[in-house]
Amino acid sequence: MNIKRAKEEIRNTIEAYLLKNEYGEYEIPVMAQRPVFLIGAPGIGKTQIMEQISRECKVGLVSYTITHHTRQSAIGLPFISRKNFDGKEMAVTEYTMSEIVASIYEKIQESGLREGILFIDEINCVSETLAPAMLQFLQCKTFGSHKIPEGWLIVAAGNPPEYNKSVREFDVVTMDRVKKIQVEPDFDAWREYAYAKGVHPAVISYLNTRPANFYKMESTVDGKNFATPRGWEDLSRLIRVYEKTVDKDVVVQYIQHPQIARDFASYLELFYKYRTDYQIDEVLSGHIDDILVKKAAHASFDEKLSVTGLLLSRLNKAFGKVKEEEEKLVSIFDILKEAKEPLMGAQKEQPLVYLEDVKNRFQSDSLAKKKAGLLSREDLHHDQQVLDTLEKYVMDLKKENVQDGQSAFSLLRGWFNAEKEEYDNGFDKAAKQLEYAFDFMESAFAGGQELVVFITELNTSSPAVAFLQEYSCERYYRYNKELLFRENTRDILERIRQLG
């Protein structure tokens, strides 16, 4: 299965394992909760999805790469203790608490989350001395003599033997005690994630034309040549912030496949050239040059797809900004709605005190979630925007020298409505940009494959999908219907050919 389906499967498993009955017991007893064993090629996102799952399920996460550990750090250090057996005192070997188990208890203390995920990476690459402890860990949920706390679930990950010479195969007894999930690289699943995470449009556009280069692992006389999803995402981050030219020598530092690195570097150079030549910002402002339309119509297929990718990039940026602003306004609206009654009943000088208390409570709650690891980077940005808005409201109320709650709420409502109007203007601007993009696409690529790509990418991008749920774009729905009809027709014809 692909990484998206694997993420859903692990999340569903965690929700099932943490489900309790009316007696407060786990519906699936702890010893029957099989560890999840996630196995797949390196760089496809196994580690990354665990962070996403922990946030979405609102549980803690402790993550370890087991190859970094010795037997002593994993199971603890031995010491001699004295115990009484049948009236006789005996010297007994015991172990200090495992560093890994101790980390779980520390996480519980720091975050207050008593349920969570213990994620062990590269579990099938452990040293010979640590291997028995790993088998015991998977079978009994213990490190040495210390159990994993109840409510903490085990997810392990490893690479198939063809990718790592250190891989050791688990026996049938162990494999019969785990929930094994095999993950394969899948560009379509990754592309959806890439749009949501703002991966550089040149990377997405390039891989749209050469999906075979999304994941490649080749053995040569000089070693492994490879390209991975992790490499593409990290390269994307560099391209976004790097002020210098990103050439083949830079690309190959991330995409360690010389041929693919060279090909992408050439593509990136052309991509920047097309961005200038086709005046994308002008197109999305409604200024469509007939000469550029003719140039696009007669361009190579790669160039056409690059132009399409540039349009989609600008649109997704606009859609993402609209979504971000909408989420902020929703949070502010909920806060003001809850604050209305207390504010209206507040006495002299109390409105300001109350609003400052609201702001401080929001900040404290956000900091607690951050400390618990429950906030993504996007969540942190959202909370900061809300906090900045509340801070501005407090400062503006001080300037107005408001004396009663009714006047304070009236001002707050006015300021909120002004921000709502700004949001509406931003929404309308994004809607116009979409319509202008359709104008250009229809003029340059009428009836061409590029329009199919354009619609398909809109359907893949989460910012675009969210925007199109709010904005009724006639051409989008018309072309989408035609695309669906084509796909259904192609499926029917394929079935007829198979019957023949």
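Buried means under 20% relative accessible area and exposed over 50%, with partly exposed in between (1.4 Å probe, protein chains only). The legends below describe a predicted model, in which local features need pLDDT of at least 70, side-chain atom pairs count only at pLDDT 80 or more, and totals for chains, interfaces and linings use all residues. Residues are numbered from 1 along each chain as its sequence is written, and side-chain values use heavy atoms, with hydrogens and water left out.

View A. Helices (H or I, at least four residues) are DSSP runs numbered from the N terminus. Helix α15 covers residues 350-371, 22 residues in total, and spans 31 Å from its first C-alpha to its last, close to the 32 Å expected at 1.5 Å a residue; the expected span is 1.5 Å times one less than the number of residues. Pro351, Leu355, Val358, Lys359, Phe362 and Ser366 are the buried residues of α15. They lie on the same side of α15 because they cover an arc of only 90 degrees around the axis, taken from the directions from the helix axis to the C-beta atoms. The cover over these buried residues includes α14 (301-344), α16 (377-400) and α17 (405-445). Leu367 and Lys371, on the other side of α15, are exposed. Gly373, which follows α15, has a positive phi near 80 degrees.

**View B. Glu457 in helix α18.** Glu457 sits in α18, residues 449-460. Glu457 counts as buried because its relative accessibility is 2%. Leaving out residues up to four places away in sequence, Glu457 touches Arg191, Tyr195, Ile204, Asn208 and Leu312, where contact means heavy atoms within 4.5 Å.

**View C. The second largest pocket.** A pocket is an open set of points on a 1 Å grid over the protein atoms alone, with protein on both sides within 12 Å along at least five of seven lines; lining residues have an atom within 4 Å of a point. The second largest pocket holds about 560 Å³ of space. Its lining has 21 residues, and Ala318, Lys321, Val322, Gly426 and Lys429 lie nearest its centre. α17 gives the most to this lining, with eleven residues. The lining comprises eight nonpolar, three polar and ten charged residues; Ala, Val, Leu, Ile, Met, Phe, Trp, Tyr, Cys and Pro count as nonpolar, Asp, Glu, Lys and Arg as charged, and the others, Gly among them, as polar.

Definitions and conventions: Helix = DSSP H or I, 4+ residues; strand = E, 2+ residues; numbered from the N terminus. 1 Å grid on protein atoms, 1.4 Å probe; cavity = no way out; pocket = protein on both sides within 12 Å on 5 of 7 lines; lining within 4 Å. Points joined across faces, edges and corners; volume = space filled by probe spheres on them.
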